[in-house]
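Subject: Handing over a structure

Dear colleague,

I am passing a structure on to you, and my notes follow it. Please look through the sequence and the model before you read on.

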Amino acid sequence: MSRPLPRRSFLAISALAAASPLLPRALRAAHSTTAAPPDAPLLAAEPFDLGAVRLTDGPVRDALEVNRRFLLALDPERLLHMFRVTAGLPSTAEPLGGWEAPENELRGHYTGHYLSACALLAAQTGDPQLRARGALLAAELGKCQAANGRGYLSAFPEELFDRLRAGQPAWAPFYTLHKIMAGLLDTHTLSGDPGALTTLTGMAGWIERWVEPLDDARMARVIEREYGGMNELLYNLAALTGEARWRALAQRFDRERIFAPLAAGRDELQGLHVNTTIPQIIGAARGFEVAGDPRLRAVAETFWHTVAERRCYCTGGTSNGESWNTPPGVLAHELSGYTEESCVTYNMQKLTRHLFCWTADARLADYYERTFYNGILGVQHPADGDKLYYLPLESGYWKLFGTPLKDFWCCTGSMSESFAKLGDSIYFHDADGVYVNLYVPSELDWAGRGVRFTQETRFPEEDTLRITVHAARPQRFALKVRIPYWTHGASATVNGRTLTTAPREGYLALERRWADGDVLTVRLPMRLHAAAMPDDASIQAVMYGPLVLAARLGSAGLSSANLRAGPTPPRKVPEYQGEPLPVAPIVVRSRDPSSWVRREPGGALEFRTVGHARALTLVPLNRVFDERYAVYFRVNEPTTST
Ligand SMILES: [Zn+2]
């Protein structure tokens, strides 16, 4: 049953914090300046540069390629149009539609995402075309900034900020600026573009002057309006430049009203707009790394644990109608066609990555994997690369994709970035060795040690991965392969010899002298298991390994008119045309799904219900497109035995 949606008049939209990953080099730069305290945190694990990981043949690389085509099909002249108009520069390009249309107050945000996506994808693949595209856009934006004067750069005039200061309606001006600044930061850090940093610093200077006259009470009112991850971006700028002024400016965007209860260990998230909040928490995480304040770490950790463990669906996503509407652990009535905004998943992944770097805790990597398969991989349409806003989890709905050039939602932007960096959390490292967190066919170049690795796998169709070491000379280090929560009976061999100790949940850490050609093979048997609602065990989803399964319900009543959202007017989110299809409760003797679901023979990941009048076919949720589906089932165990 569909829960009535809240009126979307608020339409505070979702946000994406700066795309730049945790920047170990920038962190080290911060350590060497007066901007960083002596107790800046040490990392338990560090990410690799995106360029160190190359995806090889498989569905993950295919998804990256779909996004590459999607990005390259966009015309830079159109992405620049409203920036030029705002700066009084000539432009004859046709304006973009949706949230980028000339009358939309969020215009320009996608150009920022686009800069990030180009920089990320160029770093991930080495593609010179995307790097050149980013450089062109950054240079042209620099010209617009020069024409505006005083460092201002936006696709809308400063008047929106006047309204914000006066407490009058204005959608989210700092949110939009944050996306542009994050794009410039990524263009600088990932593509090495010096001009992008100059433009970015100019924008930060404009913000510094805008904020300076505001006392704390007025600033607190300003940051009640969604601002993306402005605090995170400015902490990153402080780390990159070593200038303490940017750290001070970042702190003015730390939202104390949200931070204070979290620092005290309390979940007071009910009623908040989800994706306004998460980028602010990423800012706290980054603030901890840059400024060393343990209170900010507590904010981030309390937040992560309560959201990931008590507010997420089986997919790892959170939010319903963009908000948290209930106390923690109360989700059974939070299913609708408007669950799990995609930006939210993007940002939860980003926050998880920070926490993983602090702790190297395999449970964080388990969560990341859950979102990777269920919240990311299935939200890009394989035909044209358009992206999903909400991932509906009420049974009988379908994925309502956008229409290329006509939406440019927040999620179009964050998913343009997500699908540009699919290789970024497969591997991490510390001084002792390499962590293998995701089972994705790929190659890793651990340049710091002169070792390369090849990961070969057909996961999740098959349950085995094979890692080959390539080294000019033997070296002692640890290979640490994540053993996920969902496997039972994992096993491993080194050069064909079975390990005497069975791997346990967490990490299988093999420290030895590894030589060229050594092969580690790990088998992670998958099984069916249930993911029940925390407050109602009779509502459950079926999982196979990390994959959420969805029952295919066909395409009755669906056509091109309601499979795609069509042009999105200003300040509107996509809305369904049509009703969900009800799914009858399933009555079974046991809530263990292996009693009522079977995997079909053969290599495909296809499953079928057994013992029911109407057989249902289940497949991974991330492979369902253009049809109705059901993820959660009401499973009623018979009350009496017969
Ligand atoms: Zn969004």
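**The sheet that contains β5**

Arg54 stands opposite Glu443, a residue of strand β5. Before I go further, please keep in mind that this is a predicted model, in which local features need pLDDT of at least 70 and side-chain atom pairs count only at pLDDT 80 or more, while totals for chains, interfaces and linings use all residues. Residues are numbered from 1 along each chain as its sequence is written, and side-chain values use heavy atoms, with hydrogens and water left out.

Helices (H or I, at least four residues) and strands (E, at least two) are DSSP runs numbered from the N terminus, and two strands are said to pair if DSSP finds at least two bridges between them. On that basis, β2 and β5 are paired in the antiparallel sense over 3 bridges. On the β6 side, Glu443 has Thr454 as its bridge partner, and Leu444 is partnered by Phe453 of β6. Strands β5 (residues 442–446) and β6 (residues 451–457) are antiparallel and joined by 5 bridges. These two strands form a hairpin with 4 residues between them, and Gly450 in the turn has a positive phi of about 65°.

In a regular strand the side chains alternate between the two faces of the sheet. In β5, the covered face holds Ser442, Leu444 and Trp446, whereas Glu443 and Asp445 make up the uncovered one.

Another open sheet has 5 strands in the order β1-β3-β4-β8-β11, and its pairing is mixed. At the edges stand β1 (46–47) and β11 (506–514), and because each has a single partner strand, one side of each is left without a neighbour in the sheet. Strand β1 pairs with β3 (residues 427–429) in the antiparallel sense over 2 bridges, and within this pairing Phe428 in β3 is the bridge partner of Pro47. Helix α16 (residues 362–376) packs on the sheet, where it touches β8 (475–483) and β11, and its direction makes about 55° with that of β8. Helix α15 (residues 342–359) lies across β1, β3, β4 (433–436) and β11, and runs at about 35° to β3. For these angles, axes are lines fitted to C-alpha atoms, for helices over the stretch in contact, and the angles run from 0 to 180 degrees between N-to-C directions.

Asn495 is found in the loop between β9 (491–494) and β10. With a relative accessible area of 42%, Asn495 is partly exposed, where buried means under 20% relative accessible area, exposed means over 50% and partly exposed lies in between (1.4 Å probe, protein chains only). Leaving aside neighbours within four places in sequence, Asn495 is in contact (heavy atoms within 4.5 Å) with Arg512, Gly517, Asp518 and Val519. The side chains of Asn495 and Asp518 are joined by a polar contact of 3.0 Å; such a contact is a pair of N or O atoms within 3.5 Å, and within protein one must be able to donate a hydrogen and the other to accept it, with residues adjacent in sequence counting only if both atoms are side-chain atoms. Asn495 and Leu520 are 25 residues apart along the chain, and their C-alpha atoms are separated by 6.4 Å.

**Salt bridges**

How many salt bridges does the structure hold? There are 38 salt bridges, the term meaning a side-chain nitrogen of Lys or Arg within 4 Å of a carboxyl oxygen of Asp or Glu. One of them joins Arg163 to Glu159, with the closest N and O atoms 3.3 Å apart. These two residues are 4 residues apart in helix α6 (residues 159–165), and so are separated by about one helical turn. Arg163 counts as buried at 18% relative accessibility, whereas Glu159 counts as partly exposed at 38%.

Arg266 and Glu268 also meet through their side chains in a salt bridge (2.8 Å, N to O); Arg266 is partly exposed at 42% relative accessibility, and Glu268 is partly exposed at 46%. Finally, Glu77, Arg84, Glu140 and Lys143 are linked in a network of salt bridges.
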